[in-house]
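Please view the model alongside the text.

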Amino acid sequence: MPTFDYAPAPESRSVVTLAPSYDLFINGEFVDASGGTPFATINPATEETLAMVAEASAADVDRAVKAARTAYTRVWSRMSGADRGKYLYRIARLLQERSREFAVLETLDNGKPIKETRDVDVPLAAAHFFYHAGWADKLEYATLGANPRPYGVVGQVIPWNFPLLMLAWKIAPALACGNTVVLKPAETTPLTALLFAEICQQAELPPGVVNIVTGAGATGQAIVDHPGIDKLAFTGSTAVGKMIAHAIAGTRKKATLELGGKAANIIFDDAPIDQAIEGIVSGIFFNQGQVCCAGSRLLVQESIAEEVVRRFKRRLETLRVGDPLDKNTDVGAINSARQLARITELAAVGEAEGAVRWDTGCPLPKNGFWFRPTVFTEVSQSHRIAQEEIFGPVLSVLTFRTPGEAVAKANNTPYGLSAGVWTEKGSRILWMADQLRAGVIWANTFNRFDPTSPFGGYKESGYGREGGRHGLEAYVRTEVSA
Amino acid sequence: MSRVDVRKTYKLYIGGAFPRSESARSYEVYAVPSRAGARPRFLANASLASRKDARNAVVAARKAFPGWSAATAYNRGQVLYRVAEVMESRRAQFVTDVRDAEGLTPARAEAVVSAAIDRWVWYAGWSDKLAQVLGGLNPVAGPFFDISAPEPTGVVAVLAPQASSLLGLVSVIAPVVVSGNTAVVVTSADRPLPAVTLAECLATSDVPGGVVNLLTGRAAEIAPWLASHRDVNAIDLTGAADAPGVSWAELEAAAADNLKRVLRPGGSGAEAVEPDFTATPALSRMTAYLETKTVWHPKGR
């Protein structure tokens, strides 16, 4: 195959102005943290320090919750839905206006390719605010039960894989339903949340309606444990999700949990192979595979397994791994040294357990955290790489003979977040969709997201939905049930 | 000469059969005296369900889940309506059971039984409405057909209310099974006999064995095993109110280990209060045990 070299096409960083350090955003202004130890947030593609960020202590979380409570009682819960909606529309527009700034900042802080932040993360985040803005004055039409009312103060803890988008998934419905929020972004990716705080100021959102506290696990724990929190929304690992469910047991705090996954991407022998190959690639390499709904288990029908794997490997040769700010980059950096260590460890386990490892051997940048797109064949159900969430660009290939076997293998996991099905036979798609125990089924496509479309898992992938009419249910209380 | 009547042995209901407790234990059940100071009247030796009985019931419920959840909504609606028909035909026995269990006047007991049968009919009618009310097409910004629909979560453990022995019981079982879940129910400890009569209705009305399993006995003994059971998907803690020795907080904590969907008991704070079952139920009693599944497909020529 002839090789074509691409000239570098880097997106300019000049649109982003980084401060040397960032404070907490409480009650509408940036304030000093009390007592915590500031930490560095780095660019995972270069390991350069981007900024120092304040660590919120339990006392800071308490301040934020009190500000949120005051804003809830005095302003936000008394405001008409129409006016709440207008603030959300303002935020949606401001995000669109400053979209390039957000995209570049997200890529710097997270390591994902600019084409993803520019074309997916940021536009979808704006779309979430735009969608939910319209719900704010229509909640009584949403079949949520009699007299839907907000919970009050919502604590939200979000992960590092889609920092701004997860913020939008959390804040937009909470505010639309009349709640106020205390949100903690992940410690490795706090910068777009802090830039979002500026958006709140530009929108003149009443102080205290949105509070952003930065920090790591201890800050999150302080939010979970705070008695002034009425509802928790968490996206992250299943282990932490279980800790949260445990921590709020016996209280009247509500929770929605959006947790891990080990999605099967199932390819039948009559599938449109070219599209399926693209679907497998985007299923596992979108965002370096650091996606809870990633199609990390490829289940391919035995008769076409060889061909699919061959064509898939050939496609991998064309993926461009490198500078996330380059507009031609397909696969960027792993978010942190810690995550890279986890991926490296599980891939080593895959080899040790007898699966066959393959990657393109493409060159990787010297600094930063990198992992080549990798595929394991000869994987069996009992291998750890077929059971555990790797959260990286690592695909495990398994085979099946019958649709029944595909279903049994796909469902053989404690998770149940998503699944993919590839076949040209419509009746089989619908049958498979019925059988798969997962919250989102992508048929002849993968990794599609939309504010109108509910997202969330079965079993240990968590509970509650985000997006669509269903997502509102998490943010309103209704009449007590008999 | 008066006839010596034939008395019934009250047993558990597991997998469509009526076994005694594997522990061979039973406990005495008494009628609530109709006037203060009267001596309680012995009614029966009910089976005292054990941990093993609870596990057997979960196995039966899991086995019944694929068939029941895959049945058409129309079929489930008909089967559940049939339950109401059979309940109506056993009205006299239910009235006696409820009078004994709750100490009600004949007229009040009649009203409670009527409400319970009507409640069952109300829920039966929901089977083929839920998907249309709760699901629908999502207008995504792209060339995709995208649809969401509710699905049952799986095996649901239910702590039935302690006081409302029939209306309350019906009001916690019907919302679980109408959408295709299967249930393992711990009945009221002191008022278990209406539940056994209900089991006889279920057994004679085309409800597949294992869809509803009824365990008479003490929630304090059985509930922790159900709350921590890895093959139970959800738990209703309604019956924790006034159940001696039951901490709903501990049960909810145990349920977190496999992220069961938890329906907390009524009341506020740590207190658990049995709800007023005469009120029209909220949708949340059904949605608590439903998952939303969303399916995407591209559109193209």
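## Aromatic pairs

Being four residues apart in helix 4 (residues 114-135) of chain A, Tyr131(A) and Trp135(A) are separated by about one helical turn, where helices (H or I, at least four residues) and strands (E, at least two) are DSSP runs numbered from the N terminus. The ring centres of Tyr131(A) and Trp135(A) lie 6.4 Å apart with the planes at 90°, so this pair is edge-to-face; rings of Phe, Tyr and Trp (its six-membered ring) pair if their centres lie within 6.5 Å, and planes under 30 degrees apart count as stacked, over 60 as edge-to-face and the rest as tilted. Trp135(A) has a relative accessible area of 15% and is therefore buried (buried means under 20% relative accessible area, exposed over 50%, and partly exposed in between, with a 1.4 Å probe and protein chains only).

In chain B, the rings of Trp122(B) and Trp126(B) are also edge-to-face, with centres 5.8 Å apart and planes at 75°. Trp122(B) is partly exposed at 32% relative accessibility, whereas Trp126(B), at 17%, counts as buried. Over all chains there are 19 aromatic pairs, and ring pairs join Trp169(A), Trp442(A), Phe446(A), Phe449(A) and Phe455(A) into a cluster.

## Basis of the values

This is a predicted model, in which local features need pLDDT of at least 70 and side-chain atom pairs count only at pLDDT 80 or more, while totals for chains, interfaces and linings use all residues. Residues are numbered from 1 along each chain as its sequence is written, chains are lettered from A and ligands numbered from 1 in the order in which they are written, and side-chain values use heavy atoms, leaving out hydrogens and water.

## Salt bridges

The whole structure holds 42 salt bridges over all chains, each being a side-chain nitrogen of Lys or Arg within 4 Å of a carboxyl oxygen of Asp or Glu. Glu466(A) and Lys170(A) form one of them, with their closest N and O atoms 2.7 Å apart. This pair links distant parts of the chain, 296 residues apart, with Glu466(A) in the loop between strand 19 (462-463) and helix 15 (468-472) of chain A and Lys170(A) in helix 5 (residues 163-176) of chain A. Glu466(A) counts as buried at 11% relative accessibility, and Lys170(A) is buried at 1%.

Asp62(A) and Lys66(A) form a salt bridge while both lying in helix 1 (residues 58-76) of chain A, four residues apart. Here Asp62(A) is partly exposed at 24% and Lys66(A) is exposed at 51%.
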